Amino acid sequence: MYVVVTSKPGVYSSNLEAKADLIEAYDYFFCGRRRAVFHVAQLQEDGYVIIREEEPPHVTNRVPTKFLESFGSLEEARSELDNLVRFGNLDVRLERLH
């Protein structure tokens, strides 16, 4: 099962606390500015996503991975990423991180 976990620099960070393999990561740019980071991971078993707000009061949430949308293949997860970021003729792009 594959999941997409999103972080928004300066707003919040998300980290998987689960047995999982990080497959790919992408920076998301909107109108030339980096707005988000997407991580595609393959879950081996359920766990949690830890979401930490970066601004005071620095709230932390622990969300079970069973509540995340999951995909049966890497291609399905990539397709969902494409659907998330593409809308009309807006200036958007995904840049794969290594």
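Q: How many bridges pair E1 and E7, and in which sense do they run, parallel or antiparallel?
A: First, the ground rules. This is a predicted model, with local features needing pLDDT of at least 70, side-chain atom pairs counting only at pLDDT 80 or more, and totals for chains, interfaces and linings using all residues. Residues are numbered from 1 along each chain as its sequence is written, and side-chain values use heavy atoms, with hydrogens and water left out. Now the general idea: strands of a sheet pair through backbone hydrogen bonds, either parallel or antiparallel. Two strands count as paired if DSSP finds at least two bridges between them. Strands (E, at least two residues) and helices (H or I, at least four) are DSSP runs, numbered from the N terminus. Here, E1 and E7 are antiparallel, with two bridges. Val-3 is opposite Ser-70 in E7.

Q: What is the order of the strands in the open sheet?
A: The order is E7-E1-E4-E3-E8, five strands with antiparallel pairing. E7 (70-71) and E8 (92-97) are the edge strands; each has a single partner strand, so one side of each lacks a neighbour in the sheet.

Q: How many bridges join E3 and E4?
A: Ten bridges, in the antiparallel sense, join E3 (residues 20-30) to E4 (residues 33-43).

Q: Why is E1 described as largely enclosed by the rest of the structure?
A: Read the accessibility. Buried means under 20% relative accessible area, exposed means over 50%, and partly exposed is in between (1.4 Å probe, protein chains only). In E1 (residues 2-7), five of the six residues are buried, so the strand is largely enclosed by the rest of the structure.

Q: Which residues have the most contacts inside the largest nonpolar core?
A: The general idea first: in soluble globular proteins, nonpolar side chains tend to be buried together. A nonpolar core is a set of buried Ala, Val, Leu, Ile, Met, Phe, Trp, Tyr and Cys residues joined through side-chain atoms within 4.5 Å. The largest one here has 13 residues, and those with the most contacts inside it are Tyr-2, Val-4, Tyr-28, Phe-38, Val-40, Ala-77 and Leu-81. E1, E3, E4 and helix H1 (74-85) each give two or more residues to this core. H1 gives the most, with four residues. A second, separate core has five residues, including Val-5, Ala-41, Leu-43 and Val-49.

Q: What does Tyr-28 contact?
A: Contact means heavy atoms within 4.5 Å. Setting aside neighbours within four places in sequence, Tyr-28 contacts Arg-33, Arg-34, Arg-35, Ala-36, Phe-38, Val-85, Val-92, Arg-93 and Leu-94.

Q: How many salt bridges does the whole structure hold?
A: A salt bridge is a side-chain nitrogen of Lys or Arg within 4 Å of a carboxyl oxygen of Asp or Glu. The search finds six. One of them joins Glu-17 to Arg-62, at 3.0 Å from N to O. Glu-17 is in strand E2 (residues 12-17) and Arg-62 in strand E6 (residues 60-64), so this pair ties together parts 45 residues apart in sequence. Another joins Asp-82 and Arg-86, with the closest N and O atoms 2.8 Å apart. Asp-82 is partly exposed at 34%. Arg-86 is partly exposed at 42%.

Q: Which residues form a network of salt bridges?
A: Glu-24, Arg-78 and Arg-96 are linked in one. The Glu-24 to Arg-96 pair is 3.6 Å, N to O. Glu-24 is in E3 and Arg-96 in E8, so the pair ties together parts 72 residues apart in sequence. Glu-24 is buried at 3% relative accessible area, while Arg-96 is partly exposed at 41%.

Q: Is Asp-27 buried or exposed?
A: Asp-27 is buried, with 8% relative accessible area. This residue lies in strand E3. A polar contact is a pair of N or O atoms within 3.5 Å; within protein, one must be able to donate a hydrogen and the other to accept it, and residues adjacent in sequence count only if both atoms are side-chain atoms. The Asp-27 side chain makes one with the side chain of Arg-34, at 3.3 Å.
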